[in-house]
Amino acid sequence: MIREAARDAGVPFLNIVQACSWTPVRRVPQGDEMRYLLYTTLAYGGQGISYYVYCHPGHTGGIALPDGTPTPIYLALKTLNREFVAIAKALQQIESLAVYHAGMTPPGTQPLPADAPFRLEPPVPSLAYNPPERVRGVLLGYFGTAARPSHVIAVNLDYKADAGFTLVGPAPLETFDATATTWSPVGSPRADLQLPPGGGKLVRLAH
């Protein structure tokens, strides 16, 4: 909903995600879950990320303790924030065109079409989604210009397990190293991706 509203208005959007607990029914997220929250935000076209809460009385977790001591979430975000900024910058000049789910398709999401220009091999089988179980599968965020997708963010939706799969495009591909901020040619239309729990990878058609 937020992605569609931002596209309609022609403005970027920022996502504020949970980084603490303030009630017994809300637990403190851990590092792999933070990775999931950042990469799914990117795949949906988000250009900014923020956290509730940095530090506040009555809240546990967050980014720092009241005395300034960094939390485990801070240590995870030291790396994840840099990855987020690098990928968001790489996508700033193109549009979020579509977002597809392979595997589980929670309400409001779109399944990956059979004729999608970027697809998964082997195909991820459809799974029933029964909340409150966690979502599993692969998220593909398409980006490009003039309704022509040239970039894809592939995200492992399982924040408790690694995932490996092959992304197949219509032409030779390149992958983005979000740490070094460099592109590397794959040499074929097939990119073999190994993603950590909740992790993602930016891929584009080779220039």
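This is a predicted model: local features need pLDDT of at least 70, side-chain atom pairs count only at pLDDT 80 or more; totals for chains, interfaces and linings use all residues.
Residues are numbered from 1 along each chain as its sequence is written, and side-chain values rest on heavy atoms, with hydrogens and water left out.

An open sheet is built from three strands in the order β6-β9-β12, with antiparallel pairing. Strands (E, at least two residues) and helices (H or I, at least four residues) are DSSP runs numbered from the N terminus, and two strands are taken to pair if DSSP finds at least two bridges between them. The edges of the sheet are formed by β6 (119-121) and β12 (190-195), each of which pairs on one side only. On average, neighbouring strands of this sheet are turned by 40 degrees against each other, direction ignored; the axes are lines fitted to C-alpha atoms, for helices over the stretch in contact, and angles run from 0 to 180 degrees between N-to-C directions. Strand β6 is joined by three bridges to β9 (residues 163-168), and these two strands run antiparallel. Within this pairing, R119 stands opposite V168 in β9.

A search of the whole structure identified seven salt bridges, defined by a side-chain nitrogen of Lys or Arg within 4 Å of a carboxyl oxygen of Asp or Glu. Because R190 lies in strand β12 and E121 in strand β6, the pair ties together parts that are 69 residues apart in sequence. Relative accessible area was classed as buried under 20%, exposed over 50% and partly exposed in between (1.4 Å probe, protein chains only). By this scale R190 is partly exposed at 39%, and E121 is partly exposed at 25%.

A further salt bridge is formed by E133 and R136, with an N to O distance of 3.5 Å. Both residues count as partly exposed, E133 at 26% relative accessibility and R136 at 27%. Salt bridges that share partners also join R119, E121 and R190 into one network.

In helix α2 (residues 31-43), D32 and R35 are three residues apart and therefore separated by about one helical turn. Their closest N and O atoms lie 2.8 Å apart in a salt bridge. D32 is partly exposed, with a relative accessible area of 25%, whereas R35 is buried, with a value of 18%.
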